[in-house]
Amino acid sequence: MCARDNDDTGKKTEHLMRGEEFIDMFRKGQEFTQELLRENERLRFQVIHLEEAMKKKLEAPDSGQAGNASPDLALELAQYEARLGELEARLNEVEAENVDFAQRYIDVEEQNNNLANLYVASYQLHSTLDYEEVLQIILEIIINLIGGEIFAIYLLDEKTNTLNPEACEGVPISEIPRVAVGEGVVGQTVVANESYFNDNPSENLKELYVDPLVCIPLNIKDDVIGSIALFRLLQQKVTFAPVDFELFTLLAGHAATAIFSSRLFTESKRKLTTYQGFLDLLSQ
Amino acid sequence: MASPTFLIIEDSPTMRQLIRFALNRIPGAQVVEASDGVDGLKKLSSNQVDLILTDINMPIMDGLKLVSLVRTNDAYKDVPIVIITTEGAKEDKERAMALGANAYITKPIQSTALLSTVKELLKL
């Protein structure tokens, strides 16, 4: 698990480095374009000068040298114009490349943003072994990174085979109904161990409790320990972005392991305290 | 401004880390963090802050109270303030701007939008 996390972090760092390299390359391209524009400007200025000089010479009434100087000037002018033409063609190419780079820069920025979101979510989920803190972090991720307004985390009670709301946001927890495994969308998601996305969500919150906007099973490989049901998004969050689906996938696995390990840790700590108390009692 | 100092006031460690990630892309950026309004005011007085980024809903002292206190203090009244919040209603934005906030960004944030807002306010 730890090696896989290190590997993931390594990949993310590598992606971020590639992004930085690309941005650097884009900057160099921008500098080159600016240089070409300056060169273009300089040549245009020279052409105008030469044209004016030639015009003056031609207009001069009895310039004995005009006949000799004109061909030289004309040749020079032609050379400059040819060079200018080449530079303009190159400039057009570079500009086209720049448009492409700009688009790729936007894509890389978006990827960086997405990777940062995923990294932060993953980092925070495994930053503690305190059960309550883990639940709080999951709530924060759904609010701040996905934009959830009303949602609940259900955990499976294997004894009663029910999904009990363990934490929620946006409404009192007493309002969130308990669900039997296999019952309704939330119960079926746990049985199928597959995420559910509702394309046509109801406006009515009570109906959303039965048929939520999104329902994600919390799984550790094939074992499902609960689910996250998202009932409503924040008003400014109109639609899901591709990174949201990545976050749902991340939550399905990482939130499950974080909940499971923190619960085990909390239970074992409690047991240790009990045993310690018992041993202290015996030794007195 | 060679190396701007930012003060992030946010109760969620997840959001603080995400904002810090974005701000660290500004060369030389220094980031100071606080978990609520009172902590934020303490950090503001002990650091040379160039820009404040604050949440609205926080324990102990919320972001709006913080904005009004900062704006009435001569020492900090010119420090730009960016609100980062889940409150997306128009009235919330108007209230924050009326109190003296310089920009209002709703969650979930896009780091590119956040960076361009910050750079614009600091003229970077």
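Author: Before the helices, one convention is needed: axes are lines fitted to C-alpha atoms, for helices over the stretch in contact, and the angles between their N-to-C directions run from 0 to 180 degrees. Please also keep in mind that this is a predicted model.

Reader: Fine. At what angle do H3 and H6 of chain A cross?

Author: The axes of helix H3 (residues 131-146) of chain A and helix H6 (residues 242-283) of chain A cross at roughly 170° and come within 8 Å. Angles over 145 degrees count as roughly antiparallel, and H3(A) and H6(A) are therefore roughly antiparallel to each other. On the H3(A) side the contact is made by A:Tyr131, A:Val134, A:Ile138, A:Ile141, A:Leu145 and A:Ile146, while the residues from H6(A) include A:Leu247, A:Leu251, A:Ala255 and A:Ile259.

Reader: And which classes of residue make up that contact of H3(A) with H6(A)?

Author: By class, this contact of H3(A) with H6(A) has 11 nonpolar, 2 polar and 2 charged residues.

Reader: Let me pick A:Ile259 out of that. Is it buried or exposed?

Author: A:Ile259, which is placed in helix H6 of chain A, has 23 other C-beta atoms within 10 Å, and because 20 or more are required, it counts as buried. Leaving aside neighbours within four places in sequence, A:Ile259 is in contact with A:Val134, A:Leu218 and A:Ile225. The C-alpha atoms of A:Ile259 and A:Ile225 are separated by 8.9 Å, with the two residues 34 apart along the chain.

Reader: What about the largest nonpolar core; which residues touch the most other members?

Author: That core has 82 residues, and those touching the most other members are A:Ile138, A:Phe151, A:Ala229 and A:Leu251. H3(A) gives the most to this core, with 11 residues. Domain 1 (2-125) and domain 2 (147-273) of chain A both give residues to the core, so it lies between them. As for A:Ile138, when neighbours within four places in sequence are left aside, its contacts are A:Ile153, A:Leu251 and A:Ala255.

Reader: How many residues does each domain of chain A put into the domain contact?

Author: With the domain assignment giving domain 1 (2-125) and domain 2 (147-273), the contact takes 6 residues from domain 1 of chain A and 7 residues from domain 2 of chain A. The side of domain 1 that touches domain 2 divides into 3 nonpolar, 3 polar and no charged residues.

Reader: Switching to the other chain: what does chain A present to chain B?

Author: The contact takes 19 residues from chain A and 16 residues from chain B. Helix H2 (66-125) and H3 of chain A each supply at least two residues of the side of chain A that touches chain B, and that side has 9 nonpolar, 7 polar and 3 charged residues.

Reader: Which phi does A:Asn161 have?

Author: A:Asn161 has a positive phi of about 55° although it is not a glycine, and its place is in the loop between strand E1 (148-157) and strand E2 (162-169) of chain A. With 12 other C-beta atoms within 10 Å, A:Asn161 is exposed. B:Lys123, in the segment after H5 of chain B, also has a positive phi of about 55°.

Technical notes:
Residues numbered from 1 in each chain as written. Chains lettered and ligands numbered in written order. Predicted model: local features only at pLDDT ≥ 70, side-chain atom pairs only at ≥ 80, totals over all residues. Helix = DSSP H or I, 4+ residues; strand = E, 2+ residues; numbered from the N terminus. Parallel < 35°, antiparallel > 145°, perpendicular 65-115°, else oblique. Contact = placed C-beta atoms within 7 Å. Nonpolar A, V, L, I, M, F, W, Y, C, P; charged D, E, K, R; others polar. Core = buried A, V, L, I, M, F, W, Y, C linked by C-beta atoms within 7 Å. Domains from an automatic or database assignment.
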